[in-house]
Amino acid sequence: MGSLVKAKQSDVAGDDFITPCNFAIVERGIYRCSFPDSLNFSFIETLHLRSILCLCPESYPEENFRFLQSKNIQLFQFGIQGTKEPSMVSKDMITEALEVLLDVRNHPILIHCKQGKHRTGCVVGCYRKLKNWCMPCVLQEYHHFSGSKARPTDMKFIENYDAACVSQRLYNTNGYKQRRNQEFEYGVAKFFLVIGLMGIMGMG
């Protein structure tokens with residue numbers, strides 16, 4: 001199933017380091033938590049983040065944004081509404097968030113919503129499906145963070161999410177680029193081959 005490390009909000013690593021609520025390591029280079037505030041900035045600094053993936057639709061707080069700028073941390077924001085209505089959870093937005101998460105150039109990355117339970121749980125749950133976790137383990141992790149606030153609609157969304165659509169989108173993007181690069185490399189190789197043959201034949 002993989003490792004899972006969770007820290008309570010009251011956990012302190014030294015006098016100045018306070019973890020956000022529901023902080024945990026998803027896997028190497030990927031973290032999750034609730035919405036961090038200024039009390040958590042010193043701790044977040046120790047993660048040496050490149051990116052933050054925010055799942056809240058509200059404008060990012062100015063204080064948090066200044067902190068990200070000062071540490072050269074890129075912000076990706078996907079405005080997913082916090083709701084119990086399954087129809088309000090955007091499959092396309094979850095897929096876009098997963099594309100950001102899968103790009104190792106964005107790592108280390110921190111995922112958060114308001115409480116670090118439902119929206120974050122949906123993204124991490126769908127990410128686990130991409131990593132071929134079995135569904136009981138995926139839902140167990142969701143329950144671990146949501147507790148008594150677990151939403152059947154979230155779990156249904158995770159179960160029904162088609163992880164193959166992410167792979168297809170990545171192929172459509174990266175596969176096309178790869179083909180273009182291969183065509184370019186083939187053209188360069190062919191050019192130098194022709195030049196070489198001309199030199200051998202004394203045509204240069």
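User: What should I know before reading the numbers?
Analyst: The model is predicted, and local features need pLDDT of at least 70, side-chain atom pairs count only at pLDDT 80 or more, and totals for chains, interfaces and linings use all residues. Residues are numbered from 1 along each chain as its sequence is written, and side-chain values use heavy atoms, with hydrogens and water left out.

User: OK, how many helices and strands are there?
Analyst: The protein has 7 helices and 6 strands, where helices (H or I, at least four residues) and strands (E, at least two) are DSSP runs numbered from the N terminus. Read from the N terminus, the order of elements is β-β-β-α-β-α-β-α-β-α-α-α-α.

User: And what share of the residues counts as buried?
Analyst: Of the 204 residues, 41% count as buried; buried means under 20% relative accessible area, exposed over 50%, and partly exposed in between, with a 1.4 Å probe and protein chains only.

User: Let's look at H4. Is it enclosed or open?
Analyst: In helix H4, 13 of the 13 residues are buried, so the helix is largely enclosed by the rest of the structure.

User: How does H4 pack on H5?
Analyst: H4 and H5 have their axes 10 Å apart and pack at an angle of about 160 degrees. That makes H4 roughly antiparallel to H5, and H4 passes H5 in a right-handed crossing. Axes here are lines fitted to C-alpha atoms, for helices over the stretch in contact, and angles run from 0 to 180 degrees between N-to-C directions. Angles under 35 degrees count as roughly parallel, over 145 as roughly antiparallel, 65 to 115 as roughly perpendicular and the rest as oblique. A crossing is left-handed if the near helix is turned anticlockwise from the far one by less than a right angle, and right-handed if clockwise.

User: What about H4 and H6, parallel or antiparallel?
Analyst: The axes of H4 and H6 come within 9 Å and cross at roughly 25 degrees, and the two helices are therefore roughly parallel to each other. Their crossing is right-handed.

User: Which residue of H6 could I look at there?
Analyst: Isoleucine 158 has its place in helix H6, and at 0% relative accessibility isoleucine 158 counts as buried. The C-alpha atoms of isoleucine 158 and glycine 121 are separated by 9.0 Å, although these residues are 37 apart along the chain.

User: Switching to aromatics, how many pairs turn up?
Analyst: A search of the whole structure finds 5 aromatic pairs; rings of Phe, Tyr and Trp (its six-membered ring) pair if their centres lie within 6.5 Å, and planes under 30 degrees apart count as stacked, over 60 as edge-to-face and the rest as tilted. In one of them, the rings of phenylalanine 23 and tyrosine 31 have their centres 5.8 Å apart and their planes at 20 degrees, so the pair is stacked. Both phenylalanine 23 and tyrosine 31 are buried.

User: Give me another pair, and where does it sit?
Analyst: The rings of phenylalanine 41 and phenylalanine 67 have their centres 4.3 Å apart and their planes at 10 degrees, so this pair is stacked. The pair links distant parts of the chain, with phenylalanine 41 in helix H1 (residues 41-45) and phenylalanine 67 in helix H2 (residues 62-70), 26 residues apart.

User: Which charged ends sit over rings?
Analyst: The charged end of arginine 32 sits over the ring of phenylalanine 145, 3.7 Å from its centre, and that of lysine 114 sits over the ring of phenylalanine 35, 5.6 Å from its centre. The cut-offs are NZ of Lys or CZ of Arg within 6 Å of the ring centre and within 35 degrees of the ring normal.

User: Last topic: which peptide bond is cis?
Analyst: The bond from histidine 107 to proline 108 is cis, with omega near -5 degrees, and proline 108 is in the loop between H3 and strand E6 (109-112).

User: And what is phi at asparagine 132?
Analyst: Asparagine 132 has a positive phi of about 65 degrees although it is not a glycine. Asparagine 132 lies in the loop between H4 and H5 and, at 68% relative accessibility, counts as exposed.
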